[in-house]
Amino acid sequence: MKNKIVFCFLYFLFFIKSNAQCAMCRAVLESEEGQATAKGINDGIIYLMVIPYILVGGIGFFIYRKFRTKKK
């Protein structure tokens, strides 16, 4: 069980550090001199990408918990 928790923690740690730009966004943002806009775009894309995973994970957790509880 401890190994699973460590694996999940490391998975999410590396997941957050990834760069998530499409090819066209990257080409437009690399042509600018300041990289602050590119970092903002990356953060926004990652934020939009994480929300569905959190929702699906939460629903899966509640379904798992419902089936694991013993009926009285």
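Colleague: Of the 72 residues of the protein chain, what percentage count as buried?

Modeller: 10% of the 72 residues count as buried. Bear in mind that this is a predicted model.

Colleague: How many helices and strands does the protein chain have?

Modeller: Three helices and zero strands. From the N terminus on, the order of elements is α-α-α.

Colleague: Where is confidence lowest, and where is it highest?

Modeller: Helix H2, residues 23-30, is lowest with a mean of 70, and H3 is highest at 86. For the protein chain, the mean pLDDT is 77, and 74% of the residues reach 70 or more.

Colleague: Back to H3. Which residues are buried there?

Modeller: Ala38, Asn42 and Ile46 are buried in H3.

Colleague: And what about Ile51, where does that one lie?

Modeller: Ile51 is in helix H3 too, which covers residues 36-68. Its relative accessible area is 35%. That falls between the 20% limit for buried and the 50% limit for exposed, so Ile51 counts as partly exposed.

Colleague: Which residues make the nonpolar surface patch?

Modeller: Tyr47, Leu48, Ile51, Ile54 and Leu55 make a patch of about 560 Å².

Colleague: How far apart are the end C-alpha atoms of H3?

Modeller: They are 47 Å apart. With 33 residues at 1.5 Å a residue, H3 should span 48 Å, so the two values agree.

Key. Residues are numbered from 1 along each chain as its sequence is written. This is a predicted model: local features need pLDDT of at least 70, side-chain atom pairs count only at pLDDT 80 or more; totals for chains, interfaces and linings use all residues. Side-chain values use heavy atoms; hydrogens and water are left out. Patches are made of residues with over 30% relative accessible area and no salt bridge: like charges are joined within 9 Å, nonpolar side chains (Val, Leu, Ile, Met, Phe, Trp, Tyr) within 5 Å. Accessible areas come from the Shrake-Rupley method with a 1.4 Å probe; for residues, only the protein chains shown count as cover. A salt bridge is a side-chain nitrogen of Lys or Arg within 4 Å of a carboxyl oxygen of Asp or Glu. Helices (H or I, at least four residues) and strands (E, at least two) are DSSP runs, numbered from the N terminus. Buried means under 20% relative accessible area, exposed over 50%, partly exposed in between (1.4 Å probe, protein chains only). The expected span of a helix is 1.5 Å times one less than its number of residues. pLDDT is the predictor's confidence in each residue, from 0 to 100.
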